[in-house]
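This report covers packing and charge pairing in one protein model. Look at the structure below before reading on.

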Amino acid sequence: MTEDSFTERDRRAMRRALELAARGLDTTHPNPRVGCVIVDGDRTLGEGWHERAGEAHAEILALRAAGERAAGATAYVTLEPCSHHGRTPPCADALIEAGLRRVVFALEDPDPRVRGRGAERLRQAGICVQGGLMHDEAAELNVGFVKRTTEGRPWVRVKLAMSLDGRTALANGASRWITGEAARHDVQLWRARSSALLTGVGTVLGDDPRLSVRLTTSRPRPPARIVLDSALRTPPAARLFESAGEVLIFTTSTDPARRAALEARGARIERIGAQSAGGCAAPDTERLDLARVLARLGEVELNEVLVESGATLAGALIRAKLVDELLLYVAPVLLGPQARPLVELPLLDDLESAPHLRLLETQPIGADLRIRLRAAQPAAP
C-alpha cells in the first residue's frame, strides 16, 4: 500500500512504534529492532518493544499490556509479525488469539524463509492486514538485519576522522586527538549499536586500541572485536584482550605457535583464503579475501559491523565495493600535505572511475562535523 492509503492516526501510531523499536538499538542483536502499539480509536491500549534475542517480541509485550481490551483493536508493528517458531512462538498466532481486528506493519520481514507468511496467516484468520506504512524508516532502523537476511553479509559502516584537508594523522603517525570529545562520545554510540568492531592488524600494532564501548549500556554483551591479520602478528599482550567480549581474528597463516599464543588469550582464530595478489605484494589486510570474511560474519549472524581502521583497510574495502556507509568526522584543523591520507586508493586516470558517494546526513557534533555517506551504487553482495 502507499503512504496515502493511511490516515494521520495511523501515521501517529506507527511513529510511536518506531520510537519504541529504537529503544532496542543496542540490545536486540542478532534480532531486528521492533516496536508495537495496540490502539482502539485514540486510546493506546498497550505498547512493547523487543529488547533481547530469546525474550518476548514487541507484539507479545504490547498484548500483555492491553489484555482483553486488544479484541477488536488495531496493532501497529514496525516489522511484519513472525509466523515461525524460533526461540519464541509465532507472534501472528498471538495476535489472532487476541482477536485483533486490524494489523498494520511497516516493513515486510526480509528473511526469504518467512517473508509474507506472517501477513498471510493473519489474513487467513480474517484480520485486515496492511503493510508499508513508514517502510523506509523501519528499514533504516534495521539496515544490518535487512542486509544480512537478504544478501548474507552484514551492513559495513566505515568510521573515519579527518582534518579539513582530508588527513587522518601527522606524518609521524600522531593523531590524538583530531576530533573533539563530543565526536569521540558520538563514536561510542555507534559502537554500542554495532554487532562487531573490525580493524586491521596495522591499527592494532600502531595504535593498540581496546575496541571497547566506553558507555553504560543495557546490551547483554559487548560487540565482538574482529582483527584482519593474515600473518597473525597481533601481539598476545594487545589491549583488545583486556576487555570483555569475543575477539575473532581472521588469518591466512598456518603458524601453530602464533595461533596457540593468541588462543591462550581467548581469541578465536579462523583461517580464510587469500586473494590473488597478482604481480604485486599486497599489505596483510588486502591479502585476505574480504568478501569471504564478510560472508562469514553474516553466517555468524552479525548485522552491523563498524570498521575502525587505517587508510589501507578502508581503501581496500572501498575498492572491493564492500562499504555500505561512511561515517566521517571532520575536524576544523589543517594538517598539511605531508600528513597521512584518509584512504589508500589506486591512481585514477579519470573522474568517472572514482568511487562516488551520496550524501545522507550532515550534523555538527561539538566543534566537529559528522557526515554520513553511502555508495551511489549498492555495495557488492
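A nonpolar core is a set of buried Ala, Val, Leu, Ile, Met, Phe, Trp, Tyr and Cys residues joined through side-chain atoms within 4.5 Å. Buried means under 20% relative accessible area, exposed over 50%, and partly exposed in between (1.4 Å probe, protein chains only).

The model is predicted: local features need pLDDT of at least 70, side-chain atom pairs count only at pLDDT 80 or more, and totals for chains, interfaces and linings use all residues. Residues are numbered from 1 along each chain as its sequence is written, and side-chain values use heavy atoms, with hydrogens and water left out.

**Confidence.** pLDDT is the predictor's confidence in each residue, from 0 to 100. The protein averages 91, and 93% of the residues score at least 70. Over residues 277–286 pLDDT stays under 50.

**Cores.** The largest nonpolar core holds 42 residues; Met 14, Ile 38, Ala 75 and Leu 100 touch the most other members. Elements supplying at least two residues each include α1 (8–21), β1 (35–40) and β3 (74–79); helices (H or I, at least four residues) and strands (E, at least two) are DSSP runs, numbered from the N terminus. A second, separate core has 34 residues, among them Leu 297 and Val 323.

**Salt bridges.** A salt bridge is a side-chain nitrogen of Lys or Arg within 4 Å of a carboxyl oxygen of Asp or Glu. The whole structure has 34. Three of them are tabulated here.

| Pair | N to O distance |
|---|---|
| Glu 140 – Arg 374 | 2.5 Å |
| Lys 147 – Glu 151 | 3.0 Å |
| Asp 324 – Lys 147 | 3.1 Å |

Glu 140 in helix α5 and Arg 374 in strand β16 are 234 residues apart. Arg 374 counts as buried because its relative accessibility is 8%. Glu 140, at 30%, is partly exposed. Lys 147 and Glu 151 sit four residues apart in helix α6 (143–151). Asp 324 and Lys 147 are both buried.

Asp 368 lies in strand β16 (368–375). Asp 368 is buried but has no salt bridge; Arg 184, the nearest side chain of opposite charge, is 6.7 Å away (Lys and Arg count as positive, Asp and Glu as negative; His and the chain ends are not counted). The Asp 368 side chain does reach the backbone nitrogen of Gly 180, at 2.7 Å.

His 29 is in the loop between α1 and β1. With a relative accessible area of 17%, His 29 is buried. A polar contact is a pair of N or O atoms within 3.5 Å; within protein, one must be able to donate a hydrogen and the other to accept it, and residues adjacent in sequence count only if both atoms are side-chain atoms. The His 29 side chain makes such contacts with the side chains of Ser 195 (3.0 Å) and Arg 221 (3.3 Å).

Terms used
Contact = heavy atoms within 4.5 Å.
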